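Student: I have a new structure to read. Can you take me through its features, one at a time?

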Amino acid sequence: MSTLPLLMTNPNMKRTLLALSVAFLLSPAMAAEAPAPEGGAAATPSLALSATAQQKRGVWQQHLTLGPGDLLNISLFSMPETLHNDLPVGPDGRLTFLQARDIPAGGLSIDELRAKLDEALGKFYQNPRTVITPVAFRSKKYFVLGAVVNKGVFTLDRPLTVIEALAASGGLETGLYERNTVELADLSHSFLVRNGQRQQVDFERLFGHGDLTQNVPIEPNDYLYFALANANEIYVMGEVAAPGVAAFLPRTSTIGAITARGGFTPKAFRSRVLVVRGSLTHPETFVINTSSILAGKEPDFKLQAKDIVYVSKSPWVKIEDLLDTAVSAFVQAFVVNTVSRKIGPIITEPWIK
């Protein structure tokens with residue numbers, strides 16, 4: 001059953017689709033097709049809603065390499081009888097063609113592989129010229145997890161953006177609330193991780209306001225996570241005995257959440273505990289003196305659902321100095337926890353470093 005009728009019953013999604021439609025109509029590509037005004041000057045599209053006219057290719061596209069699972073057609077020039085169709089790059093990143101056996105192909109471009117095959121086959125043929133035609137690229141992957149219809153690992157066999165990656169996963173999960181269809185994703189806590197770093201992508205601006213400047217291209221091994229909107233949790237990170245998720249209750253406090261995760265470690269800096277609230281891109285922060293609370297000099301600080309509590313191991317003064325570390329710790333916890341439950345052994349070490 002198509003999800004479009006369900007999505008269209010949600011007023012928020014209607015506004016999102018309308019904004020994205022307007023962004024498309026105002027994009028430079030559409031502006032180029034539109035007739036110029038009578039004065040002869042072409043209208044300038046809104047930069048807030050439009051993407052760039054032509055995005056530069058990513059580094060991985062400029063030097064596209066082969067990997068396990070890629071399929072190739074290989075032959076020798078002017079020798080059609082040597083053609084091997086759908087020759088796979090093996091799980092070990094190697095392939096065999098004619099007398100060239102176990103040639104390392106993983107991590108090489110088509111041109112680099114061609115040179116290796118020419119060299120190996122030069123012992124058996126005079127001036128061999130290998131012809132390689134790629135059939136399918138299956139080695140590049142990206143991951144979409146969280147509040148989406150189809151969670152898992154996806155093949156990056158063509159250029160994709162965040163919106164296209166979400167569409168490939170079936171879109172955001174939806175549910176019924178007071179007879180209305182609503183999305184189950186919390187965009188303010190959703191994120192994109194690349195090369196161990198959270199990317200500065202504002203999902204609220206992208207899906208809530210149609211800001212296509214946030215519709216960034218997906219790259220190999222990107223991790224796209226859409227947080228659940230109905231998660232009543234507190235995230236306790238840093239110098240606590242067992243960093244992770246604590247259940248949110250109406251009276252949950254800072255000390256209570258830290259205690260739920262085993263309490264402070266001996267290295268914990270208790271005088272300035274950071275609480276991060278709200279969007280990951282535009283958070284609200286609070287500095288809590290837990291030493292004073294434990295000494296009975298101050299009341300405990302009440303937490304809200306999805307607050308991040310971060311305990312540093314060294315003194316700090318500026319919130320900015322610690323905020324990125326706190327958010328990165330939160331993202332790492334989500335990556336490791338979700339990947340271990342949904343994907344298993346494909347990822348063997350944390351991505352946030």
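What follows is a dialogue that goes from the whole chain to single residues.

Student: What kind of model is this, and how are residues numbered?

Tutor: This is a predicted model; local features need pLDDT of at least 70, side-chain atom pairs count only at pLDDT 80 or more, and totals for chains, interfaces and linings use all residues. Residues are numbered from 1 along each chain as its sequence is written, and side-chain values use heavy atoms, with hydrogens and water left out.

Student: How many helices and strands does the chain have?

Tutor: Both are DSSP runs, numbered from the N terminus: helices are H or I with at least four residues, strands are E with at least two. This chain has ten helices and 17 strands.

Student: How much of the chain is buried?

Tutor: Buried means under 20% relative accessible area, exposed means over 50%, and partly exposed lies in between (1.4 Å probe, protein chains only). Here 42% of the 353 residues count as buried.

Student: What share of the contacts joins residues 24 or more positions apart?

Tutor: Contact means heavy atoms within 4.5 Å. Among contacts in the chain with a separation of 6 or more, residues 24 or more positions apart account for 58%.

Student: Which residues does Phe330 touch?

Tutor: Leave out residues up to four places away in sequence, and Phe330 touches His189, Phe191, Tyr235, Met237, Leu280 and Ile308.

Student: Where do Lys151 and Glu173 lie?

Tutor: Lys151 is in the loop between strand 6 and strand 7, and Glu173 in the loop between helix 6 and strand 8, so the pair ties together parts that are 22 residues apart in sequence. Their closest N and O atoms are 2.9 Å apart in a salt bridge. Lys151 is partly exposed at 34% relative accessible area. Glu173 is partly exposed at 21%.

Student: Is Asp186 buried or exposed?

Tutor: Asp186 is buried, at 11%. Asp186 forms a salt bridge with Lys306, with 3.0 Å between the closest N and O atoms. Asp186 lies in strand 10 and Lys306 in the loop between helix 9 and strand 17, so the pair links parts that are 120 residues apart in sequence. Lys306 is buried, with a relative accessible area of 11%.

Student: Which residues join Arg194 in a salt-bridge network?

Tutor: Start with one pair. Arg194 and Asp222 meet in a salt bridge at 2.7 Å, N to O. Arg194 is buried at 13%, and Asp222 is buried at 1%. Salt bridges that share partners join Arg194, Glu219 and Asp222 into one network.

Student: What about a charge with no salt bridge, such as Asp70?

Tutor: In this count, Lys and Arg are positive, Asp and Glu negative; His and the chain ends are not counted. Asp70 sits in the loop between helix 4 and strand 1. Asp70 is buried yet has no salt bridge; Lys140, the nearest side chain of opposite charge, is 4.9 Å away.

Student: Which backbone nitrogens lie by the Asp70 side chain?

Tutor: The backbone nitrogen of Gly67 is 2.8 Å from a polar atom of that side chain. For the backbone nitrogen of Arg138, the distance is 2.6 Å.

Technical notes:
Salt bridge = Lys/Arg side-chain N within 4 Å of Asp/Glu carboxyl O. Polar contact = N/O pair within 3.5 Å; in protein donor to acceptor, adjacent residues only side chain to side chain.
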